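Good morning, colleagues. Please look at the entry on the screen.

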Amino acid sequence: MVVPNNESERIEALHRCNILDSAPEDAFDELALLAAQICGSPIALITLVDANRQWFKSKLGLTVDQIPRESSFCEYTIQRPGLFAIRDALEDGRFSNNPLVSAEPKIRSYAGVPLITSEGFAVGTLCVMSPVPKLLSKDQIKALEILGRQVSRWIALRHPSSRMGAAAGVHASAMIGRSERAGQASHTNRRMRTVTTPPLENPAAGSSRAFLLKRLALALRHDEFTVHFQPKIELASRQVTGFEALVRWIHPELGLILPQEFIPIAEEEASQIESLTLCVLKQTVQQACARGWVERGLQVAVNLSAASLQDGRLPGQIMGILESWKFPARLLILEITESAFMYDFSRARATLNRLREIGVSLSVDDYGTGYSSLAYLKELPLQELKIDRVFVTNIQRRERDFAIVRATVELANKLGMTVVAEGVEDMATLETLDGIGCDAAQGYAIARPMRAEELSEWLGTHCRV
């Protein structure tokens, strides 16, 4: 095993990041997915290299959570400042006997970039692998390096105390402010999200609230927001029953911007969050009608922000959209986080009751991560409960998570609610959920979020999972 000269300090820096063994997070998973797509690789990982193991914060194309460090390609990547690549591991004496090469998944090529802290310590990697010999193009290498810096920045935003990200041009004050906004958004609006990291690298302009607020207004006028859809299946039949709508902001100059950046700012002005919510709803209903989902009885789910739930005009606006497209209300699900109920419970309840009168279904999103009180389950007209991925991901390995999910399923069923598990990443988890009576599931084990045109093609061959 290769050990850096500063190994003890490096391990201390890694542990200060406070990220080892943490739950999966969409921002990291989507960065790994983006790396895989750009590099044309079936396997992409965000790894943290500990003293004796390599642990995967995010994984695409592998089912294991960690491997011994001695079996790791990435221990070589953390030795150097730039890309470390292997065209054919079978021809490299360092790796030809590696179990990942000689047995499944039979890796042949590897490319990785280190995740560097502001102190200069390489704590992990962003890497892609393939079962065929290959080298990345110059453009792919550049993209992987950019994404690697963005992963480092997101670790910094998630844990400002780790002091990562300054090397990528983010000042400490900007990191703390963004982290606080991201934390607020993750509880109230986790489902309005995109597939990349904050592109706003100029603290004098891009990180300014006023700057981004102005950009939001222009984006809404210029139709810069689009919607991707992630399939949801019924576990008993394995049939696709509908999709969740996920908003994307693709700015012509700034690139892809995460909702953790723009939604908290949009919520500061009622007109902005109202326009964004209606934009997503209109696109979702339009696609559902144009793609034949209505005729197939497929439901679509749209997320409501906490601010939207306090807007008494919302039920009438939603009814107007449904009527203009002749879209059946029974096929629309509105997802609301637990935290959103608590801004003004009485007003939220009144809005939800009016929405239910229209005929739409109401869902509790990210259940278990908000308020522990169960009172709202009997006070609000809810039809669906979505168990947060933080509990679902580890039900195969953690007895407590399994017990929480099973108890939640039993409670919801007794209340006559449908239960959906989100963040299902492998078929073993899917089977376990089916065994304890969970009704439905969504996650990468079923399908990633897709554009509407991709989804139509996917449905042609994946109606049953």
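Is Phe84 buried or exposed? At 6% relative accessibility, Phe84 counts as buried, where buried means under 20% relative accessible area, exposed over 50% and partly exposed in between, with a 1.4 Å probe and protein chains only.

A word on the source: this is a predicted model, in which local features need pLDDT of at least 70 and side-chain atom pairs count only at pLDDT 80 or more, while totals for chains, interfaces and linings use all residues. Residues are numbered from 1 along each chain as its sequence is written, and side-chain values use heavy atoms, with hydrogens and water left out.

The count comes to 9 aromatic pairs; rings of Phe, Tyr and Trp (its six-membered ring) pair if their centres lie within 6.5 Å, with planes under 30 degrees apart stacked, over 60 edge-to-face and the rest tilted. One of them joins Phe84 and Tyr110, tilted, at 6.1 Å centre to centre and 55° between the planes. Tyr110, at 3% relative accessibility, is buried. Phe84 and Tyr110 belong to one aromatic cluster with Phe73, Tyr76 and Phe95.

Phe243 and Trp293 make a tilted pair, since their ring centres are 4.5 Å apart and their planes at 45°. Both residues, Phe243 and Trp293, are buried.
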